[in-house]
Amino acid sequence: EVSTAMKVPSHYSPFQILRDFFPTDVRKKQRWNLREDSDIKDYILKVCGRNIYLAGPDKLIDFLYIRNCLATHRPICLAIVLCVNSEIDKPKNLPEPDLIDDYTGRSEER
């Protein structure tokens, strides 16, 4: 298992982090246990130990997990994982949960 720490601006999107961080040469991909033919668009950021994914054009600070970590001074732990087909894995007929940000008390759908 390979890990590293990096600092990124809170206005970065998940894609910007992947773009800056994703290895491009074959040796680095092998060291990170990534397929040699893998491309950045095949991967997504996942919160370690949780079923939370960070994707899309939103800024990092717009995600509840990020805001909660910053508010409670906990480290932010993310992993680069292979994307799955979201249409196949999407649950059928389940209501969207209401998420309430403990820090602001606002309800969000992220």
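In which loop is His73 found? Select the loop between helix 3 (64-72) and strand 3: His73 is there. Keep in mind throughout that this is a predicted model.

**Stop 1: His73 and helix 3**

Check the backbone of His73. Phi is near 60°, a positive value in a residue other than glycine. Most residues other than glycine have a negative phi. The place to look is just after helix 3. Is His73 buried or exposed? His73 counts as exposed, because its relative accessibility is 73% and the cut-off for exposed is over 50%.

Step back into helix 3. Select Leu64, Tyr65, Ile66, Arg67, Asn68 and Cys69. These are the buried residues of the helix.

**Stop 2**

Three strands make an open sheet, in the order 2-1-3, and the pairing is antiparallel. Strand 2 (53-54) and strand 3 (78-82) are the edges, each pairing on one side only. Now select helix 1, residues 14-21. Helix 1 packs on the sheet and touches strand 1, strand 2 and strand 3. The direction of helix 1 makes about 110° with that of strand 1.

**Stop 3: strand 1**

Select residues 43-47, which are strand 1. How many of the residues of strand 1 are buried? The count is five of five, so the strand is mostly covered, with buried meaning under 20% relative accessible area.

Show the side chains. In a regular strand they alternate between the two faces of the sheet. Here Tyr43, Leu45 and Val47 point one way. Ile44 and Lys46 point the other way.

Next, follow the pairing on each side. Strand 1 meets strand 2 over two bridges, in the antiparallel sense. Strand 1 and strand 3 also run antiparallel, joined by five bridges. For the strand 3 side, select Val47 and Leu78, which stand opposite each other. For the strand 2 side, select Leu45 and Leu54, another opposite pair.

Trace the chain from strand 1 to strand 2. The two form a hairpin with five residues between them. Stop at Gly49 in the turn, where phi is positive, at about 75°.

**Stop 4: Lys46 and Tyr53**

Which residue of strand 2 does Lys46 stand opposite? Select Tyr53. Then look at the side chains: the charged end of Lys46 sits over the ring of Tyr53, 5.9 Å from its centre.

**Stop 5: the aromatic pair**

Colour the aromatic rings. The structure holds one aromatic pair. Select Phe22 and Tyr43: the pair is tilted, at 5.3 Å centre to centre and with 45° between the planes. The two lie 21 residues apart and link distant parts of the chain. Phe22 is in the loop between helix 1 and helix 2 (26-31), while Tyr43 belongs to strand 1. Both are buried.

**Stop 6: Ser38**

Which residues does Ser38 contact, leaving aside neighbours within four places in sequence? Both partners of the last stop, Phe22 and Tyr43, are in contact with Ser38, and so is Lys29. Ser38 lies in the loop between helix 2 and strand 1. Ser38 counts as buried, because its relative accessibility is 4% and the cut-off is under 20%.

**Stop 7: the salt bridges**

Side chains of opposite charge can pair when their charged atoms come close. How many salt bridges are there? The count comes to two.

Select Asp20 and Arg19 for one of them. The closest N and O atoms are 3.5 Å apart. Asp20 is partly exposed, with a relative accessible area of 43%. Arg19 is partly exposed too, at 44%.

Now select Asp39 and Lys41. In this salt bridge the closest N and O atoms are 3.2 Å apart. Asp39 counts as partly exposed at 32% relative accessibility, whereas Lys41 counts as exposed at 63%.

Definitions and conventions
Residues numbered from 1 in each chain as written. Predicted model: local features only at pLDDT ≥ 70, side-chain atom pairs only at ≥ 80, totals over all residues. Heavy atoms only, no water. Pairing = 2+ DSSP bridges. Helix = DSSP H or I, 4+ residues; strand = E, 2+ residues; numbered from the N terminus. Contact = heavy atoms within 4.5 Å. Axes fitted to C-alpha atoms, helices over the stretch in contact; angles between N-to-C directions. Salt bridge = Lys/Arg side-chain N within 4 Å of Asp/Glu carboxyl O. Buried < 20%, exposed > 50% of the residue type's maximum accessible area, 1.4 Å probe, protein only. Phe/Tyr/Trp six-rings, centres within 6.5 Å; stacked < 30°, edge-to-face > 60°. Lys NZ or Arg CZ within 6 Å of the ring centre and 35° of its normal.
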